[in-house]
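A plain account will do, with each term defined where it comes up.

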Amino acid sequence: MTQTRWLVLAALAALAAPAAPAVAQVKLTGAGATFPNIIYQDWMLKYNQTHPDVQLNYQSIGSGGGIRQFSDGTVDFGGTDAPMTDSAIAAIQGNVLHIPTVLGAIVVAYNLPGVTQQLKFTPDVIADIFLGKVTKWNDARLTSVNPGVSLPATDIVVVHRSDGSGTSFGFTDYLTKVSPEWAQKVGKGTSVNWPVGLGGKGNEGVAATVNQTPGGIGYVELGYATSNKMAYGQVRNGAGKFVGPTLEAVTAAAAGALAKLGAATDFRVSLTNPDGAAAYPIATMTWLLLHKSYADAAKAKALLQFVWWAETDGQARAPELGYGPLPKQLRPWIEARLKSITADGKAVWQTTAAR
């Protein structure tokens, strides 16, 4: 998976080299979440190979920035791991659709030189580490759930996101569910007042800071942890089982939440702290933000073609890149949302060879 991700980035760099376009291109720009950036870049590369008439660009700036630029109308689509709030949707007169793309896991990554065993974390200890209450790696509450592991008396150095982040939203959403103190003192959001720690920009920044800081601990998307060769832990779920962030465990986490959806859902659903003994408890979904109505019919048509390709053919790329593909039973509901998009007052779907 790590090699595949680097190959994707290398291919993107090659694609950026100057070339004479054979045909006129429709240019589509997007910005937002860092969490799905690797698969979005991969999708755009693969799609462009068979659709050279479409130029796609996505800037990995964080969910907060993605929502802001989408709402301001400076990009054609946004990316977010934190659904827009009712008030934010109302501010743009409801002109938004949340289209889920892939599933993923947020991992508790750490840097403990000399410790080779995978650590186990309980929800209360994770919350208290990020509250600044557990400050040493050999704290009794950590050693008690990691028998046989020689944990050093090293200071714990918390690393969190410094930018508006959907990964932060997912992580703090989880902490709010498992820790009453966290819920009262900090709460959930794309940006919160962190009680302790160092800030890093993007999943990339948190991963780099943890890797450079002995004793460091942070939360990052699984793909960034694996591509950066980071150690990350198992987390005790609601059923009392310690579970690692495998794609199977992410799928199990999604199964319960998605089963409760109805056909009229807007897909703004939380996957954290789910039921199920096999479920990884810090799972998340990520969304593309699309307008219900576009002014430019050519752009709308090209965008719908790409999104439907990502929701169908593109899903096969997810496991190799460290993401969970969406359950196929969601496709009819996603298709219905895409069919509702208009441009210049006319439906776009029936004018496009989207399938």
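Two residues are in contact when they have heavy atoms within 4.5 Å of each other. This is a predicted model, in which local features need pLDDT of at least 70 and side-chain atom pairs count only at pLDDT 80 or more, while totals for chains, interfaces and linings use all residues. Residues are numbered from 1 along each chain as its sequence is written, and side-chain values use heavy atoms, with hydrogens and water left out.

The chain contains 13 helices and 16 strands. Both are DSSP runs numbered from the N terminus, helices (H or I) having at least four residues and strands (E) at least two. Of the 355 residues in the chain, 55% are buried. Buried means under 20% relative accessible area, exposed means over 50%, and partly exposed lies in between, with a 1.4 Å probe and protein chains only. The accessible surface of the chain comes to about 14500 Å², and carbon and sulfur atoms hold 53% of that. Such areas come from the Shrake-Rupley method with a 1.4 Å probe, and for residues only the protein chains shown count as cover. Among contacts with a separation of 6 or more, 74% join residues 24 or more positions apart.

Next comes the core. A nonpolar core is a set of buried Ala, Val, Leu, Ile, Met, Phe, Trp, Tyr and Cys residues joined through side-chain atoms within 4.5 Å. The largest one has 98 residues, and Phe 121, Phe 171 and Leu 338 have the most contacts inside it. Strand E4 (residues 97–110) supplies the largest share of this core, 10 residues. Another core, of 9 residues, lies apart from it and includes Ile 67, Met 84, Ile 92 and Leu 289. Leaving out residues up to four places away in sequence, Leu 338 touches Ile 99, Leu 290, Leu 304, Val 307, Trp 308 and Trp 349.

Phe 171 also takes part in a helix pair, where it is one of the H7 residues that meet H5. Two packed helices are described by the angle between their axes and the distance between the axes. Helix H5 (residues 123–131) and helix H7 (residues 166–178) pack at about 115°, and their axes are 10 Å apart. Axes here are lines fitted to C-alpha atoms, for helices over the stretch in contact, and angles run from 0 to 180 degrees between N-to-C directions. From H5, Pro 123, Ile 126, Ala 127 and Phe 130 meet Phe 171, Tyr 174, Leu 175 and Val 178 of H7. By class, this contact has 8 nonpolar, no polar and no charged residues. Nonpolar covers Ala, Val, Leu, Ile, Met, Phe, Trp, Tyr, Cys and Pro; charged covers Asp, Glu, Lys and Arg; the others, Gly among them, are polar.

Some single residues can now be placed. Gln 93 is in the loop between helix H4 (86–91) and E4. Its phi is near 55°, a positive value in a residue other than glycine. Is Gln 93 buried or exposed? Gln 93 counts as exposed because its relative accessibility is 69%. Phe 267, in the loop between helix H11 (247–259) and strand E12 (283–290), also has a positive phi, near 70°. Phe 267 has 0% relative accessibility and therefore counts as buried.

Gly 62 sits in the loop between strand E2 (54–60) and helix H3 (63–72). With 0% relative accessibility, Gly 62 is buried. The C-alpha atoms of Gly 62 and Gly 32 are 4.8 Å apart, although the two are 30 residues apart in sequence. Not counting residues up to four places away in sequence, Gly 62 touches Gly 32, Ala 33, Thr 34, Arg 161, Asp 163 and Gly 164. Within helix H3 is Ser 71, which is partly exposed at a relative accessible area of 27%.

Thr 213 belongs to the loop between helix H9 (202–211) and strand E8 (216–221). Thr 213 counts as buried because its relative accessibility is 16%. Its C-alpha atom is 7.6 Å from that of Val 157, 56 residues away along the chain.
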